[in-house]
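Here's a quick briefing on side-chain contacts and surface features. Have the viewer open and follow along.

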Amino acid sequence: MSKGGRTRAFRFETYCIGLLCWAGVGGAPVLAGQYDFGLGYSLTHNSNITRGSAPPGCLNPPCAELTQQLFGGFGYEEHGPALNARLVAQAERRHFARNVYQDDTGFFLDGAAVWTISPRQFTWSVEDAFREINLSLRPPDTPDNRAKTNSLSTGPEFTFRVNPADMPVIGARYGRFYIRGPEANVQTPGDSQRYTIYARWLHQISAPTTLSLNFEATRAHVDPPALYTDLSRQDLFFRYD
């Protein structure tokens, strides 16, 4: 900016002063599974955390901020004849020391499970992921640049062995994705639901090698403000594993 024939230039810097992450005891057995847990702390200085925005706590931009983060979480994993499951969960508390932004709390959850109802014939799968993402990659990671998302997928799978080398598989999946912005008046992409059916014919060439013919059909509905609200897709392809 220029004033009285003089020019001032601002240099914006972000750096981490200290970091301690995921320190804890791991590998403890619990029945048929095991778990890990940990705690972490970080301290970050940002010389211009607002970057064009004007939060109530910044009266004279650009504003510097010192952010303290305390986070902790755990992971669990189980492998058994009837259930294979994993779960990772983490919570994060951020404190903005200079009150440019209000303190906030964030969460992360990622889990999946496969339930074997009938061995080598019928299984049911569930996957769910909840996390907070940045609405834009250019501004800093501030409360008004975060959105909550959740992705869910679940459905059955049936396997039929017609001979030692050939195995047809059919299955279905229901999926749902939603995203919520930091404020009600912030427009975010619409929620979506999807329905997928698939059929595969697997031919085992050798012990580690499989050739398959695959067909997948998906229909999705996306809530406004998406430009296209109903989509459908069919794929037919070979796969070599």
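Are Cys58 and Cys63 buried or exposed? Cys58 is buried, and Cys63 is too, where buried means under 20% relative accessible area, exposed means over 50%, and partly exposed is whatever falls in between (1.4 Å probe, protein chains only).

Keep in mind that this is a predicted model, so local features need pLDDT of at least 70 and side-chain atom pairs count only at pLDDT 80 or more, while totals for chains, interfaces and linings use all residues. Residues are numbered from 1 along each chain as its sequence is written, and side-chain values use heavy atoms, with hydrogens and water left out.

**Disulfide**

- The count comes to one disulfide, with the term meaning a pair of cysteine sulfur atoms within 2.5 Å.
- That bond joins Cys58 to Cys63, with an S to S distance of 2.0 Å.
- The torsion about the S-S bond of Cys58 and Cys63 is about 90 degrees, so this disulfide is right-handed.
- As a reminder, a disulfide is a covalent bond between the sulfur atoms of two cysteines.

**Salt bridges**

- There are 13 salt bridges, if you take a side-chain nitrogen of Lys or Arg within 4 Å of a carboxyl oxygen of Asp or Glu as the rule.
- Arg94 and Asp141 make one of them, at 3.7 Å from N to O. Arg94 sits in strand E7 (residues 83-96) and Asp141 in the loop between strand E9 (122-134) and strand E10 (146-159), so the pair ties together parts that are 47 residues apart in sequence. Strands here are DSSP runs (E, at least two residues), numbered from the N terminus.
- Another salt bridge pairs Asp191 with Arg180 at 3.0 Å, N to O. This one links distant parts of the chain, with Asp191 in the loop between strand E11 (166-180) and strand E12 (192-206), and Arg180 in strand E11, 11 residues apart.
- Asp191 counts as buried at 9% relative accessibility, while Arg180 is partly exposed at 43%.
- Arg233 bridges to Asp235, with the closest N and O atoms 2.9 Å apart. Arg233 is exposed, at 54% relative accessible area, and Asp235 is partly exposed at 24%.

**Aromatic pairs**

- A search of the whole structure turns up four aromatic pairs. The rule: rings of Phe, Tyr and Trp (its six-membered ring) pair if their centres lie within 6.5 Å, and planes under 30 degrees apart count as stacked, over 60 as edge-to-face and the rest as tilted.
- Tyr35 and Phe37 form a stacked pair, 6.0 Å centre to centre with 20 degrees between the planes. Tyr35 is partly exposed at 28% relative accessible area, and Phe37 is partly exposed at 37%.
- Tyr174 and Tyr195 form a tilted pair, 5.4 Å centre to centre with 50 degrees between the planes. The pair links distant parts of the chain, Tyr174 in strand E11 and Tyr195 in strand E12, 21 residues apart.
- Tyr174 is partly exposed at 25%, and Tyr195 is partly exposed at 47%.

**Nonpolar surface patch**

- Val162, Trp201, Ile205, Leu211, Leu213, Phe215, Leu236, Phe238 and Tyr240 make a nonpolar surface patch of about 980 Å². Patches are made of residues with over 30% relative accessible area and no salt bridge; like charges are joined within 9 Å, and nonpolar side chains (Val, Leu, Ile, Met, Phe, Trp, Tyr) within 5 Å. Accessible areas come from the Shrake-Rupley method with a 1.4 Å probe, and for residues only the protein chains shown count as cover.
- The elements giving two or more residues to the nonpolar patch are E12, strand E13 (209-222) and strand E14 (230-240).
- Tyr240 is found in strand E14 and counts as exposed at 58% relative accessibility.

- Ser212 lies in strand E13 and is buried, with a relative accessible area of 5%.
- The side chains of Ser212 and Asn214 are joined by a polar contact of 3.0 Å. A polar contact is a pair of N or O atoms within 3.5 Å; within protein, one must be able to donate a hydrogen and the other to accept it, and residues adjacent in sequence count only if both atoms are side-chain atoms.

How values were computed
Helix = DSSP H or I, 4+ residues; strand = E, 2+ residues; numbered from the N terminus.
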